[in-house]
Every structure is written in structure tokens, then in C-alpha cells.
Amino acid sequence: MYKSFLAIIPFTIIQYALRTNRKVVRLELEKEQVQTENYRVQLEALRSKVDPHFLFNSLNTLRGMVHSNHPQSEEFILNLADFYRQALKYNENTTLTLSEELKVLEAFLFLMKSRNESGVHMKLMIDDAFQNWFLPTLSLQLLAENCFKHNAMSSKVPLLINVYTSADGYINVENNINPKMENKEPSGYGLGNLKRRYDLLGIENGMCFTQNENVFCVKLKLIKI
């Protein structure tokens with residue numbers, strides 16, 4: 001009887017250990033699922049941040065162009081519609097290919113250039129090998145918007161925006177520095193937003209920037225999926 005009891009003890013301990021291990025595994029799985037859902041919700045909240053002032057400013061520009069019979073009024077309307085069509089189309093995506101990002105960027109820059117005429121110059125230098133790599137959704141448009149938000153521009157001192165890929169797998173958005181007189185409060189639509197989105201995607205060193213007296217440059221890591 002005593003021997004039988006001793007034989008049962010290891011079996012009971014093993015059964016208890018197995019049940020405990022299964023419970024731990026289940027709890028870990030539930031924790032990962034909750035964490036994944038939290039990441040998804042946070043990414044969606046960050047992705048949906050679009051500066052509402054852009055639409056109001058664009059409509060005011062359009063009103064002025066129509067009032068003055070500007071020859072590019074119709075093209076401006078088409079590009080504004082195309083920009084918002086693409087923004088709505090891609091709203092559910094966490095990432096976009098570089099080629100898709102560039103289409104949105106070009107539509108956005110046309111609108112901004114229409115508002116500022118000769119005050120904006122842009123240069124694109126993109127290695128075709130990166131066209132199907134990915135970026136957080138609408139990140140290039142966000143960076144371009146920041147260029148306009150923080151810098152003054154005129155025909156004498158235009159805003160120069162260079163967008164180019166580099167061999168280390170980054171895309172760079174670079175602009176000359178000509179600060180506006182007024183100090184703007186952080187809006188939450190900028191670099192902190194992008195950094196957080198890369199963090200939530202589990203990508204290290206996703207965004208970095210450099211600055212000197214004349215040039216500000218943001219580097220975004222291209223994602224190969």
C-alpha cells in the first residue's frame with residue numbers, strides 16, 4: 001500500500017506540472033493576443049491622424065484660383081480629388097509600397113505647389129529596386145506636410161524638397177531650413193507619430209533625422225516583406 005502511494009506521488013506531480021504548464025501557455029497566448037490587438041488599435045489611431053487644416057487650406061486655395069480664373073483650377077480640383085481618393089483607399093492599410101506612397105506624395109505636392117507657385121521646388125531620385133518595398137501608410141506625405149508647416153517660402157527663397165533612396169535601404173526626405181516666424185505647437189501628426197508606428201511594427205531604427213544650419217533630413221527605413 002505504501003509503495004503504491006509512493007508510485008502515485010510522481011505521477012500526480014507530473015500531471016500537476018503539465019496542467020500548470022498548459023495554463024501558463026494559455027495565459028501567455030492570451031497576453032500576446034491582447035498585446036497584438038492593442039498594437040493594431042494603436043496603429044489604426046496613429047494612421048488615421050490627418051491634419052484637418054490641409055483640407056481647409058486647399059479649399060481656400062481652390063476658391064482663390066476659381067475666383068481669379070486660374071488656368072490650373074481644373075487640374076487642382078482633379079489632384080485634390082485624387083489625393084483624397086487615395087487617402088481613403090489606403091486608410092485600412094498599415095503599410096504601402098513605395099510606388100503607392102510616391103503617387104500620394106506627387107498628388108499632395110502638386111496641390112502645395114499650386115498654392116505656393118514658384119515658392120516650391122521638388123526633386124525625386126528613386127532607385128527602382130525599392131519600388132515594391134514598404135513604408136508606414138502616407139508617411140511620405142506626412143513628412144512633406146511638415147516641410148511646409150515649419151518653413152517659410154517665396155520665389156526668392158523657395159522651399160527645396162529632395163526625396164531620394166539610399167543604398168542602406170532608407171528613403172530620405174530633405175529640405176532647406178527657413179523657419180517661419182510663428183512658433184507652432186506640436187500637433188501629433190509628425191515625427192513622433194512615425195517613430196511610434198515603426199515601434200509598433202517591431203522595426204528598430206525605423207526613423208531617424210539629421211539637421212545642420214541649412215538642411216533638415218528625415219530617413220525612413222524601407223520594409224522588405
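The model is predicted: local features need pLDDT of at least 70, side-chain atom pairs count only at pLDDT 80 or more, and totals for chains, interfaces and linings use all residues. Residues are numbered from 1 along each chain as its sequence is written, and side-chain values use heavy atoms, with hydrogens and water left out. The structure has two salt bridges and zero disulfides.

**Strands**

- Helices (H or I, at least four residues) and strands (E, at least two) are DSSP runs, numbered from the N terminus.
- Two strands count as paired if DSSP finds at least two bridges between them.
- E5 (residues 170–176) runs antiparallel to E7 (residues 215–221), with seven bridges.
- In that pairing, Val 173 sits opposite Val 218 of E7.
- E7 also pairs with E6 (residues 207–211), again antiparallel, over five bridges.
- Here Gln 211 faces Phe 216 of E7.
- Three residues separate E6 from E7, and the two strands form a hairpin.

**Salt bridges**

- A salt bridge here is a side-chain nitrogen of Lys or Arg within 4 Å of a carboxyl oxygen of Asp or Glu.
- Side chains of opposite charge can pair when their charged atoms come close.
- Asp 168 bridges to Lys 219, with 3.0 Å between the closest N and O atoms.
- This pair links distant parts of the chain, 51 residues apart: Asp 168 is in the loop between strand E4 (159–166) and E5, and Lys 219 is in strand E7.
- Asp 168 is partly exposed, at 47% relative accessibility. Buried means under 20% relative accessible area, exposed means over 50%, and partly exposed lies in between (1.4 Å probe, protein chains only).
- Lys 195 bridges to Asp 199, with the closest N and O atoms 3.2 Å apart.
- Both residues of this pair lie in helix H6 (residues 191–200), four residues apart, or about one turn of the helix.
- Lys 195 is partly exposed at 43%, and Asp 199 is partly exposed at 36%.

**Cysteines**

- A disulfide requires a pair of cysteine sulfur atoms within 2.5 Å. The structure holds none.
- For Cys 147, the closest cysteine sulfur is in Cys 217, at 9.7 Å, so the gap is too far for a bond.
- Cys 147 is buried, with 4% relative accessible area.
- For Cys 208, the closest cysteine sulfur is also in Cys 217, at 8.1 Å, too far for a bond.
- Cys 208 is partly exposed, at 32%.

**A buried methionine**

- Met 112 lies in helix H4 (residues 98–116).
- Met 112 is buried, at 5% relative accessible area.
- Its C-alpha atom is 9.8 Å from that of Phe 76, 36 residues apart along the chain.
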